[in-house]
Amino acid sequence: ACYLSGELDVEPGECIKVKGKIQSDAKGFAVNVGKDSSTLMLHFNPRFDCHGDVNTIVCNSKEDGVWGEEDRKADFPFQHGDKTEICISFDEAEATVKLPEAEFKFPNRLGMEKIEYLAVEGDFKVKAIKFS
Ligand SMILES: C=CCO[C@@H]1O[C@H](CO)[C@@H](O[C@@H]2O[C@H](CO)[C@H](O)[C@H](OCc3cn(Cc4cccc(/C=C\CN=C(N)N)c4)nn3)[C@H]2O)[C@H](O)[C@H]1NC(C)=O
């Protein structure tokens, strides 16, 4: 993981802003939020070229270490070398991922009431993390 934090207390309506740069040879990266590494509200996983996916965002949840059903998004608003800001918020129904030019929703399948864990993994250089 290139950024890992536990013991967070992000409540519904609050925002986690991950600012950084996508590596120029990125194969993929992931932003994970939830309770801990085994219990994720959202695994937001843009894939440039990995696991057989090309330019596809794969979202999923994880409950006690078991992946849920994947949700592949239609848009892929990322390019190699891009600087970007990924803002994640949630409410009882869904998580929202806001990018400069796109927005994605993913159901809050686990009914999580707070985010205590954030991890950014893969080919993404984290510049700043802001909570608002
Ligand atoms: C078709 C065959 C069966 O179906 C496939 O079955 C695979 C295994 O279940 C799924 O894959 C899994 O999907 C999960 C979501 O559901 C997670 O993403 C998981 O990864 C977990 C994971 C995260 N991480 C850290 C990380 C994250 C991003 C990049 C890197 C590393 C750098 C890459 N850069 C390089 N190398 N330069 C590292 N490591 N493992 C992935 O293995 C595929 O989606 C699925 N494909 C389809 C179409 O159904």
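Tutor: A polar side-chain atom of N60 lies 2.9 Å from an oxygen atom of the ligand; a polar contact is a pair of N or O atoms within 3.5 Å. Please keep in mind that this is a predicted model, where local features need pLDDT of at least 70, side-chain atom pairs count only at pLDDT 80 or more, and totals for chains, interfaces and linings use all residues. Residues are numbered from 1 along each chain as its sequence is written, and side-chain values use heavy atoms, with hydrogens and water left out.

Student: How far is a polar side-chain atom of H51 from an oxygen atom of the ligand?

Tutor: For H51 the distance is 3.4 Å. In the side chain of N45, an N or O atom is 3.2 Å from a ligand oxygen.

Student: Which element gives the largest share of the shell around the ligand?

Tutor: That is β4, with three residues; strands are DSSP runs of E, at least two residues, numbered from the N terminus.

Student: How do I read a pair of aromatic rings?

Tutor: You describe it by the distance of the centres and the angle of the planes. Rings of Phe, Tyr and Trp (its six-membered ring) pair if their centres lie within 6.5 Å; planes under 30 degrees apart count as stacked, over 60 as edge-to-face and the rest as tilted. The structure holds six aromatic pairs. F44 and F78 are edge-to-face, 6.3 Å centre to centre with 70 degrees between the planes.

Key: Polar contact = N/O pair within 3.5 Å; in protein donor to acceptor, adjacent residues only side chain to side chain. Helix = DSSP H or I, 4+ residues; strand = E, 2+ residues; numbered from the N terminus.
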